[in-house]
Structures are given as structure tokens and as C-alpha cells.
Amino acid sequence: MKSRITGLLTVLALSSSLSTTAQDLLGLRTSRYIGGASAIFNPANIADSRHKFSLNLVGLDVLVNNSFITFDQNSIKDLSNIQDLFKDANGPISAKISGGIVGPGVQVKLNQKSSIALNTRVRFITEVSQLDQELYRNVVLSEDELESGIKSINSPYRQAVNATGWGEIGLTYARTIYDKEAHFLKVGLTAKYLIPFANYSMQINQLNTTIVVDSDHNTAEMRNSSGTIGFEQSGADFDNIRVKDFFKTDNPSIGFDLGVVYEYRPKHQRYRNTENGQYNSPKEKYAFRLGVAVLDFGKMKFNRNAANSGTFDIDINGAEAYNLRELEDVEIPSGLMTHLRSRPQYFTERAVANPAVYTLNMPTNLNVDLDVRLLSWLYVNGAYQKFMDTENEHGQSLAMLDNFTITPRIELKKLGVYLPINHSELTGTNFGAALRFGGFYIGSSNALTLLTNGSKKVNVYTGLFIGLNSKR
């Protein structure tokens with residue numbers, strides 16, 4: 001039987017299948033016809049919106065980035081078995097998995113200059129960093145899958161699995177602050193009520209061990225082992241998470257998004273009322289648009305669960321041996337600390353006075369995009385996203401991957417076609433595709449690459465909203 005640890009890793013992967021985050025809707029996010037959701041990417045977007053009213057119903061997104069698995073058409077059919085793909089890694093396992101649910105939201109155009117929006121989201125971010133593949137295989141594989149023999153692990157780096165879940169309720173106000181001749185400038189601010197409901201972290205440092213698997217595969221013993229292993233847990237248990245857990249927290253906090261958009265409108269006279277100078281056309285008016293936004297500024301606090309948190313020195317010497325098979329029936333994380341504490345001959349808990357509350361920085365990132373209108377229906381967008389990688393005192397970080405995206409698109413009121421070309425250091429260059437039919441959209445930032453050569457990322461998104469188009 002596989003270890004219960006695979007349950008935790010599976011839940012972390014599945015958490016991303018209910019999703020959107022800071023890297024969401026790549027390609028489609030450039031659209032002017034996605035209602036109030038456009039405020040998620042730059043709060044200033046909703047000023048002078050193409051919709052006078054929009055109601056978001058639901059949005060789902062999944063994004064998995066990794067350093068070693070090349071996904072193809074077959075491997076993406078059941079992401080719940082992602083741990084089975086990890087076991088075939090040829091080196092340390094690193095991955096970034098993100099997700100969330102976009103819930104009900106509304107956007108209202110107050111007048112020609114101002115708009116407001118309310119958005120709700122649930123978000124998940126998981127990071128797997130430098131996890132040793134041999135250690136992983138000996139914990140995860142079933143008895144008949146293990147290879148007998150002796151394997152040595154000498155890991156000088158920090159191995160980690162970190163997972164965080166939180167909810168958001170965001171209120172956005174955006175306004176045009178300059179509109180003179182061909183120059184148009186708007187700004188926006190989103191204040192977000194943050195609901196951090198779960199955090200789990202496992203850190204393994206300076207691990208040196210020998211793993212011996214007997215010929216019958218009944219035991220996988222750690223011998224002559226040293227290093228440290230630490231855990232932190234707060235809020236809901238990822239292995240048994242429920243929808244009602246998304247709205248529970250003892251430490252609500254506030255976060256912010258700030259954005260500005262400049263538009264160059266050389267033919268503005270064509271769209272203005274000659275008597276009052278106000279715009280009287282719903283058509284797009286800019287030749288190019290430049291947007292800059294700082295997103296996810298803030299911190300979250302978590303109450304440390306002392307029963308499920310602690311740091312242990314690993315000390316297995318001489319004839320001593322710890323059988324990794326003992327972990328098979330251990331609940332993660334609720335039973336793991338109890339199990340390690342019951343094996344003091346192998347794992348010595350440090351007497352450290354950890355604070356009852358610890359903080360975690362939001363995945364603060366800078367977004368810069370340039371949108372050029374080639375024809376009335378044809379556009380091309382270039383966007384760069386830079387994350388501020390600020391770890392907390394235990395090495396946890398919510399930062400995702402810096403990325404650059406070029407998206408040619410066809411944009412009409414009731415139809416949109418989007419072809420994003422995205423590049424990041426971890427996953428390389430990927431080609432995607434997305435479609436929008438009225439208020440329904442579906443797409444992926446790497447669908448074309450996945451269907452042809454395979455890709456080190458998996459992304460798919462879909463959603464539904466109702467929008468009433470503006471008349472000017």
C-alpha cells in the first residue's frame with residue numbers, strides 16, 4: 001500500500017485544479033471583454049470598460065509547472081495520479097503548482113469615468129523544491145514496485161514541500177484621471193480582504209542517509225542517517241480539506257493591487273461628441289495601450305498548530321535502522337508528528353520556542369503589458385510578469401515563475417480568438433490557444449505545445465460570466 005504521504009501530494013496537485021492565480025488566464029487576460037475579472041490583472045482596466053455591467057458566475061483554472069516531467073496527451077488525463085509521474089524523475093523534484101476558484105463577482109460602470117467591481121476568489125499555491133527522487137520513491141512506491149538494493153542520499157540543499165490556501169474578497173475602484181486630445185490615463189486600486197485558511201510546510205535539510213531495501217521488498221530502512229526535518233501546519237488539513245474550510249480563519253488581513261493604464265488615441269475626434277467632447281462610440285479607441293500593475297501586495301498570518309509543528313534532528317547510527325514502511329498508515333500531517341515523537345531513538349525534537357503566529361508574504365508581482373491595435377478586430381499584446389521572491393523565516397515563498405507572453409488575438413464583442421506564446425525559465429516556450437463566445441471562455445497557455453511536442457507545464461481554464469456592453 002502506498003504511503004499516506006501520497007495523499008498529501010495528490011491533494012496539493014488537485015488543489016490546483018480548482019483555480020486561478022497571479023499567472024491565470026494567460027492570453028485571455030488581454031481581452032477587453034471579460035468583465036470585472038479584468039480587474040484581477042490590473043485594477044485600472046475596468047475604468048472605461050467595454051461592459052457597463054457584468055456578473056461573473058464561475059471561473060476555473062489549473063497550472064502545473066515542473067522541471068523534469070514532460071506532459072503529453074496521455075499523462076494529463078488523470079492529474080490525480082501526478083505522484084506516479086514524479087516517481088520517474090531522474091533528479092531532484094522541483095515544481096510550482098497554483099490554483100483557485102473565481103467565485104461570484106460584479107462590475108458596474110458608474111459613469112464614463114468611473115467603475116467599481118467586487119471579485120471573490122479562493123487560491124492555492126504549492127511549491128516542491130529539490131525533493132530527492134530516491135527518498136520520494138522509497139516513501140511513495142508500493143512494495144512490488146521497489147527495487148531491492150542499497151541507495152545513498154547526500155543532499156546538501158534544502159528540500160521542501162510548501163502549500164498555502166487562502167480566500168479573497170476584492171473591492172476595486174477605477175477612474176479616468178486624464179483625457180485630453182490623444183492622451184488617456186486611468187488608475188485603479190483594489191483592496192482585498194484576505195482569508196488565510198491553510199498552510200503546510202515540510203523542510204528537510206542536509207540529509208545524508210543510506211536506504212536499504214531487502215530482497216522481499218518488505219522493508220526500506222534508513223541507516224547511518226543525519227540531517228534535520230521540520231514541519232509547520234496551520235488551519236485546515238490539506239488531506240481532508242472541505243469547502244467550508246475556505247471561509248475559516250483566525251487571522252484575516254488586507255492586501256492591495258494598484259494599477260495604471262495609458263492609452264494613445266490619435267483618432268479620438270472620430271469617437272467624440274462635437275458638442276461636449278464626450279465619447280459616443282463603443283468601439284476601441286486606442287492605437288496602443290500600456291498597463292503597469294503591482295499585484296498581491298500584503299502579508300498573511302497563520303496560527304501555528306503546535307501539535308503538528310516542530311523540528312527534528314535525524315540521528316540513526318551503528319546497527320540502528322528506521323523502516324520507511326512505518327509511514328504507510330500514518331495520516332499526513334495530523335499523525336506524522338505523533339509518529340516521529342514516538343521514535344526518539346531516531347528523531348530528536350528540538351526544544352525551540354517558535355512563535356504562536358507566523359507570517360507569509362503574498363506573491364507580490366509586477367505586471368507590465370503593451371497592447372497594440374493593428375486593425376479594428378486584430379491586436380497583439382506583449383506582457384511581462386516579475387515576482388518578488390520574499391521568503392519567510394522558514395524558507396516559504398508564494399512566488400510563482402517570472403514569465404513573458406506575446407498574444408496575437410482577434411477581438412469582437414461576441415467572439416475572441418487568442419494565441420498566447422509564453423516563456424519561463426523552468427518550462428521554456430509554450431504555445432497556447434483560447435476561445436471566447438460571448439460570456440463563455442475556454443483555453444490553455446500551452447495547449448498547442450502539449451498536443452505536439454509535450455510540455456513541462458499543464459494549464460487549462462474555463463469560465464462563464466454575463467456582460468452588458470457599454471454604448472460608449
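D245 sits in the loop between strand 8 (220-235) and strand 9 (253-264); helices (H or I, at least four residues) and strands (E, at least two) are DSSP runs, numbered from the N terminus. Please note that this is a predicted model, in which local features need pLDDT of at least 70, side-chain atom pairs count only at pLDDT 80 or more, and totals for chains, interfaces and linings use all residues. Residues are numbered from 1 along each chain as its sequence is written, and side-chain values use heavy atoms, with hydrogens and water left out.

Is D245 buried or exposed? D245 counts as buried, because its relative accessibility is 8%; buried means under 20% relative accessible area, exposed over 50%, and partly exposed in between (1.4 Å probe, protein chains only). Its side chain reaches the backbone nitrogen of R242 at 2.9 Å. Leaving out residues up to four places away in sequence, D245 touches F197, A236 and N240, where contact means heavy atoms within 4.5 Å.

I turn now to two other aspartates. D48, in the loop between helix 1 (5-15) and strand 1 (51-66), has a positive phi of about 60° although it is not a glycine. D296, in strand 10 (residues 288-303), also has a positive phi of about 60° without being a glycine. Most residues other than glycine have a negative phi. D48 is buried, with a relative accessible area of 3%, and D296 counts as buried at 3% relative accessibility.

Finally, L336. Apart from neighbours within four places in sequence, L336 is in contact with Y200, F231, L327, V330 and E331.

Definitions and conventions:
A polar contact is a pair of N or O atoms within 3.5 Å; within protein, one must be able to donate a hydrogen and the other to accept it, and residues adjacent in sequence count only if both atoms are side-chain atoms.
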